[in-house]
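Visitor: I would like to learn how to read the packing in a fold. Please take me through one case.

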Amino acid sequence: MTDFSGMVDALVVYDADKLTKLVNDALAADTPAADILNKGLIAGMDIVGDKMESGDMFIPEVLMAAKAMGACVEILKPLLSDDDSSTAVKVIIGTVKGDLHDIGKNLVSMMMESAGMEVYDLGVDIDPEEFVARIKEKQAQIVCLSALLTTTMPMMAQTVEAIVESGIRDEVKILVGGAPVTQAFADEIGADGFAADAGSASKLAKTLVAA
């Protein structure tokens with residue numbers, strides 16, 4: 001019987017060697033790669049996200065857990081069918097025009113990928129038109145806008161406005177985040193959600209898409 005709970009436990013304590021062994025053992029026992037991904041790896045990162053949100057895990061530990069998972073995902077990739085990946089939620093993420101900060105954005109990106117989402121990271125200093133173009137190109141269900149400066153928060157509003165004017169607002173959920181951003185600001189500019197940290201951002205994204 002495949003030890004999915006062992007994978008979850010190993011991931012939460014970022015024991016990369018044990019996690020890799022359990023994944024390889026499961027594959028040797030003919031466990032489907034998709035089951036290993038969903039019931040072992042993604043389930044484990046969900047707990048990591050919860051622990052980050054509650055303050056029981058910190059960024060260095062989360063990064064080590066994500067690195068351990070990433071190595072195992074590389075083992076599984078050749079064995080995952082197109083059907084397994086084609087249903088993934090597509091996310092566009094970027095820091096808005098005028099803002100060059102990316103640490104928070106990168107962490108959100110990593111947590112969303114760990115949750116099984118297909119993330120397209122546009123980088124920093126991204127203008128509204130670029131967000132709109134990439135949402136259309138990738139047919140994304142979620143767009144995440146990041147800002148760390150109060151002076152670039154108005155650019156979030158302009159980006160939301162551009163998405164509305166492009167006619168695709170009903171097709172995409174908009175999440176905003178960053179140190180100065182609040183739920184009240186998210187409501188004010190018409191975003192669908194606000195997340196204070198990477199763990200809650202990943203969880204919120206899944207909730208919004210399922211709604």
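Visitor: At what angle do the axes of helix α2 and helix α4 cross, and within what distance do the axes come?

Guide: A word on the source first. This is a predicted model, where local features need pLDDT of at least 70, side-chain atom pairs count only at pLDDT 80 or more, and totals for chains, interfaces and linings use all residues. Residues are numbered from 1 along each chain as its sequence is written, and side-chain values use heavy atoms, with hydrogens and water left out.
Helices (H or I, at least four residues) and strands (E, at least two) are DSSP runs, numbered from the N terminus. Axes are lines fitted to C-alpha atoms, for helices over the stretch in contact; angles run from 0 to 180 degrees between N-to-C directions. Here α2 (residues 16-28) and α4 (residues 59-76) cross at roughly 20°, and their axes come within 9 Å.

Visitor: How are α2 and α4 oriented to each other?

Guide: Angles under 35 degrees count as roughly parallel, over 145 as roughly antiparallel, 65 to 115 as roughly perpendicular, and the rest as oblique. So α2 and α4 are roughly parallel. Their crossing is right-handed. A crossing is left-handed if the near helix is turned anticlockwise from the far one by less than a right angle, and right-handed if clockwise.

Visitor: Which residues of α2 and α4 make the contact?

Guide: Contact means heavy atoms within 4.5 Å. From α2 come Ala 16, Leu 19, Thr 20, Val 23, Asn 24 and Leu 27; from α4 come Ala 68, Met 69, Cys 72, Ile 75 and Leu 76. By class, that is nine nonpolar, two polar and no charged residues. Ala, Val, Leu, Ile, Met, Phe, Trp, Tyr, Cys and Pro count as nonpolar, Asp, Glu, Lys and Arg as charged, and the others, Gly among them, as polar.

Visitor: How are α3 and α4 oriented to each other?

Guide: Their axes cross at roughly 175° and come within 11 Å. The pair is therefore roughly antiparallel. Among the residues that meet are Leu 37 and Leu 41 in α3, and Val 62 and Ala 65 in α4. This contact divides into 16 nonpolar, no polar and no charged residues.

Visitor: What is the angle between α3 and α10?

Guide: Helix α3 (residues 33-54) and helix α10 (residues 198-210) pack at about 125°, with axes 7 Å apart. They are therefore oblique to each other. The crossing is left-handed. Its contact includes Asp 46 and Glu 53 of α3, with Lys 203 and Lys 206 of α10. By class, it has two nonpolar, three polar and five charged residues.

Visitor: What is the strand order in the sheet?

Guide: Strands of a sheet pair through backbone hydrogen bonds, either parallel or antiparallel. Two strands pair if DSSP finds at least two bridges between them. This open sheet of five strands runs β2-β1-β3-β4-β5, with parallel pairing. Its edge strands, β2 and β5, each pair on one side only. Four bridges join β1 (residues 90-95) to β2 (residues 118-121), and Val 91 stands opposite Val 119.

Visitor: Where does α10 lie on the sheet?

Guide: Helix α10 lies across β3, β4 and β5, at about 165° to β4.
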